[in-house]
Amino acid sequence: MLGLIVAAGLAHRADGDHVATCLAESRAAAAAVGAPVLLAWADGIGFACDHADLASWSGAATARRLGMDGCETVLSGIARDSHTWPVPQRATETYREGAPATGIRLPATTLHCLGEFRLEIDGAAMDLAVLRPKSRTLLQVLAANHGQFVHRETLIEAVWPGVPADLGTHRLHVAASSIRRGLAAGGCDEQPLQRSGDAYRLRFEHCDLDRLTLKLEAWQRTSSLDDPSARVAAGLAVIEAYPGELLPEAGAAEWVLPERDRLCFQVSTVALETARVAQAAGRLADGVQAAQRCVSVDPLRDTAWKLLADLQRAQGDHTAAQVTLREYGRVAAALA
């Protein structure tokens, strides 16, 4: 919170370079602890620094929903004072986490771990085939733990199980160096592979795992609200943020299965609950969407199949309901 207060003060003084740094640090801290109000304030301050008119600020509705009273008044003052900045000092146009506002735009990097393993640089997929198989596996293990430091022993056991400690450490160092070189050669200007003592972590500007985590936390917060619409909307946002299982190309590797199963269970649980809330609220189409996603993520949830058929019948689509029950019967028979 202190960083946002400082950023707001600097914005009034038209100190664009330092505002960008404060916003970068504040956004990273807010994202790390899952603080939506702080993230909304950071977004609003950054937008106000770049726009004289707040009419097009897409976060206004979110700010009101979060109870951020007086937010637009504060941001209007920031927009008024900062609109005289020279263009190269704009806070969000030059923003990158941890980087000063130099006026030089760095390429945006996005790591995808759900549904497929892909690294995008400015929207273009990087060719990860340049990495050797073990280096690629190491990259995947770190990706599955994005933003968290993973101890050397854990990494060695996952990638080179059973090898002596000295040999494993040597191979880890070699693979890590290979990853750094490969990412740099692929156009990744930042250095996302970081080391602290005997631990390593991978940290990109954007990662779909981080986005899913934030959506799950937002959905959890709606449990205390008497607001079915907010509950359904948050549930559908979780579903949209989960395009597929964690790192499918890793197969049945032991290091990925627990986290893959955990995410699958969380998302299917959210989908089922969203379908129930939508049914009670009379939002049949949303209920069908949520129930369909539940049975696709976790076909073993009997209640989801039955709920889906009920929702389809309530829509008047009895044919679809019969198809759903037949498919449910086929799945049940295969497990018998």
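User: Is Glu259 buried, exposed or partly exposed?

Analyst: This is a predicted model. Buried means under 20% relative accessible area and exposed means over 50%, with partly exposed in between. Glu259 has 25% relative accessibility, so Glu259 counts as partly exposed.

User: Which residue forms a salt bridge with Glu259?

Analyst: In helix 11 (residues 257-280), Glu259 is separated by about one helical turn from a residue 3 places apart from it, Arg262. At 39% relative accessibility, Arg262 counts as partly exposed. The closest N and O atoms of the pair are 2.5 Å apart, and the salt bridge partner of Glu259 is Arg262.

User: How many residues apart in sequence are the parts tied together by Arg211 and Glu240?

Analyst: The side chains of Arg211 and Glu240 meet in a salt bridge, at 2.6 Å from N to O. Arg211 lies in helix 9 (residues 208-221) and Glu240 in helix 10 (residues 228-240), so the pair ties together parts whose separation in sequence is 29 residues.

User: Is Asp286 buried or exposed?

Analyst: Asp286 forms a salt bridge with Arg283, with 2.8 Å between the closest N and O atoms. Arg283 counts as partly exposed because its relative accessibility is 28%. For Asp286 the relative accessible area is 19%, so Asp286 is buried.

User: Which residues of strand 2 point the other way from Arg118 and Glu120?

Analyst: In a regular strand the side chains alternate between the two faces of the sheet. Strand 2 covers residues 118-121, and Arg118 and Glu120 point one way from it. Arg118 and Glu120 are also linked with Glu116 in a network of salt bridges. The residues that point the other way are Leu119 and Ile121.

User: Which residue in the turn between strand 2 and strand 3 has a positive phi?

Analyst: Strand 2 and strand 3 (residues 124-125) pair in the antiparallel sense over 2 bridges, and the bridge partner of Glu120 in strand 3 is Ala125. The two strands form a hairpin with 2 residues between them. The turn residue with a positive phi, about 55°, is Asp122.

User: What distance separates the C-alpha atoms of Tyr200 and Val150?

Analyst: Tyr200 is found in strand 6 (residues 199-202) and is buried, with a relative accessible area of 4%. Its contacts include Val150, Leu155 and Leu172. Tyr200 and Val150 are 50 residues apart along the chain, yet their C-alpha atoms are separated by 5.3 Å.

Technical notes:
Residues are numbered from 1 along each chain as its sequence is written. This is a predicted model: local features need pLDDT of at least 70, side-chain atom pairs count only at pLDDT 80 or more; totals for chains, interfaces and linings use all residues. Side-chain values use heavy atoms; hydrogens and water are left out. Buried means under 20% relative accessible area, exposed over 50%, partly exposed in between (1.4 Å probe, protein chains only). Helices (H or I, at least four residues) and strands (E, at least two) are DSSP runs, numbered from the N terminus. Two strands pair if DSSP finds at least two bridges between them. Contact means heavy atoms within 4.5 Å. A salt bridge is a side-chain nitrogen of Lys or Arg within 4 Å of a carboxyl oxygen of Asp or Glu. Lists of a residue's contacts leave out its neighbours within four places in sequence.
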